Amino acid sequence: MKAVRIHEFGDVNVLRWEETPRPKPRTGQVLIKVESSGVNYADIMRRRGGYPGPDLPSTLGLEAAGSVVELGEGVSGLTVGQRVMAMGQGGNAEFVAVNASYAFPYPETLNPVHAGGMPVVFLTAYHLLKTRGQMQKGDTVLVQAGASGVGTVAIQLAKAWGARVITTASTQDKLDLARSLGADVTINYTTQDFEAVVQKETDGQGVALVLECVGGPVLEKSVRCVASYGRLVAYGNASGTPATIPAADIFPANRTVIGFSMGRSPAGRLDHKQAWAELLPLVAKGQAKLVVDQVLPMSQAAKAHQHLANRGTRGKVILTP
Ligand SMILES: NC(=O)c1ccc[n+]([C@@H]2O[C@H](COP(=O)([O-])OP(=O)(O)OC[C@H]3O[C@@H](n4cnc5c(N)ncnc54)[C@H](OP(=O)(O)O)[C@@H]3O)[C@@H](O)[C@H]2O)c1
């Protein structure tokens, strides 16, 4: 089979669309013939050497959708021929073997090309808002980088669950997208002081929940946007810039700073089945959709990586074999 692989860490020139043996499903795994596979910011970090993964050379991609072609030993509840979307290492390939507990059957009404870009952003946004963020109806939520893959889903879910959403992005185009997804207040955080706008929009109270993935000064200022007894979930560092949070911004203000990494959560800790049980009806009703920036052939993975790294995307880039 062919796959998007790296033999060394580096810039986009290390990406190869090359022949590699088709994986065999191990005990508890299923083999999927891939129809589509999303590119996530974690793939950019992995290619650069800043994200954990298997020994090199290795195949990129953390998610895929397609049909089950083989069941490993001990797998029940899934059948050969069934269409699934899945999370697992090596999705940017013609075939991927994933743990059966991370392969989720999806309804026929879902576009199979979009399905491969859904698991990471939908499950991340769900767990950020519900599992870690404990969002309640009526909360005001600040979603940083609202036009990112995760941000576009988080805006829609927060709105569907009754929140008021304030969001940020670096261009007017991205803010227009966020607005079209339901965001109530949009802020260009490269030209405006988002902290001042949030304070004004919340009568100086701050927001109940912040979802933060940019890091650096954006994280530092985001903490000061949190209301008393509110929460900030830090889940990424797309800027690559370190941040320092003074204790004085946390305890005297009764704020909670929470970390979240889906990929590094202990196995079984996150209830993904419950998540899909709540997410798929929202997708069916049109209350949440995947925003697709573009669909490219896997042979053009370098173009996809460049686009994400340049902050050019609105929503997700999807690769097809
Ligand atoms: N913890 C978890 O479990 C988990 C899971 C999935 C994703 N993540 C994290 O969530 C974030 C979004 O992921 P994604 O896959 O949705 O990514 P994405 O679509 O590529 O979005 C990343 C966003 O970060 C913003 N950004 C700010 N500075 C940047 C820079 N120097 N380079 C690139 N982007 C920059 C950009 O928005 P603007 O141009 O508007 O600033 C961009 O839209 C990433 O930090 C990722 O690592 C974490």
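This is a predicted model: local features need pLDDT of at least 70, side-chain atom pairs count only at pLDDT 80 or more; totals for chains, interfaces and linings use all residues.
Me: What makes helix 3 roughly perpendicular to helix 8?
Reply: The axes of helix 3 (residues 119-132) and helix 8 (residues 272-284) come within 10 Å and cross at roughly 105 degrees. Angles under 35 degrees count as roughly parallel, over 145 as roughly antiparallel, 65 to 115 as roughly perpendicular and the rest as oblique, so helix 3 is described as roughly perpendicular to helix 8. The axes are lines fitted to C-alpha atoms, for helices over the stretch in contact, with angles running from 0 to 180 degrees between N-to-C directions; helices (H or I, at least four residues) and strands (E, at least two) are DSSP runs, numbered from the N terminus.

Me: Which residues make that contact between helix 3 and helix 8?
Reply: With contact meaning heavy atoms within 4.5 Å, helix 3 contributes residues including Phe122, Leu123 and Tyr126, while helix 8 contributes, among them, Trp276, Leu279 and Val283. The residues of this contact between helix 3 and helix 8 divide into 8 nonpolar, 3 polar and 2 charged, where Ala, Val, Leu, Ile, Met, Phe, Trp, Tyr, Cys and Pro count as nonpolar, Asp, Glu, Lys and Arg as charged, and the others, Gly among them, as polar.

Me: Why is helix 1 called roughly perpendicular to helix 9?
Reply: Helix 1 (residues 41-48) and helix 9 (residues 301-309) pack at an angle of about 105 degrees, with their axes 10 Å apart, and that angle makes helix 1 roughly perpendicular to helix 9. Among the residues in this contact are Tyr41 and Ile44 of helix 1 and His305 and Leu308 of helix 9.

Me: How is the protein divided into domains, and how much area do domain 1 and domain 2 bury between them?
Reply: By an automatic or database domain assignment, the protein is divided into domain 1 (2-118 + 291-320) and domain 2 (121-259). Domain 1 and domain 2 bury about 1100 Å² between them, 58% of it on carbon and sulfur atoms, buried area being the accessible area (1.4 Å probe) that two parts lose on being put together, summed over both. Met118, Arg311 and Arg314 supply 49% of the area that domain 1 buries against domain 2.

Me: What makes the pairing of Arg314 and Asp173 a salt bridge?
Reply: A salt bridge is a side-chain nitrogen of Lys or Arg within 4 Å of a carboxyl oxygen of Asp or Glu, and the side chains of Arg314 and Asp173 meet at 3.5 Å, N to O. The count between domain 1 and domain 2 is 1 salt bridge, whereas a search of the whole structure finds 13 salt bridges.

Conventions: Residues are numbered from 1 along each chain as its sequence is written. Side-chain values use heavy atoms; hydrogens and water are left out.
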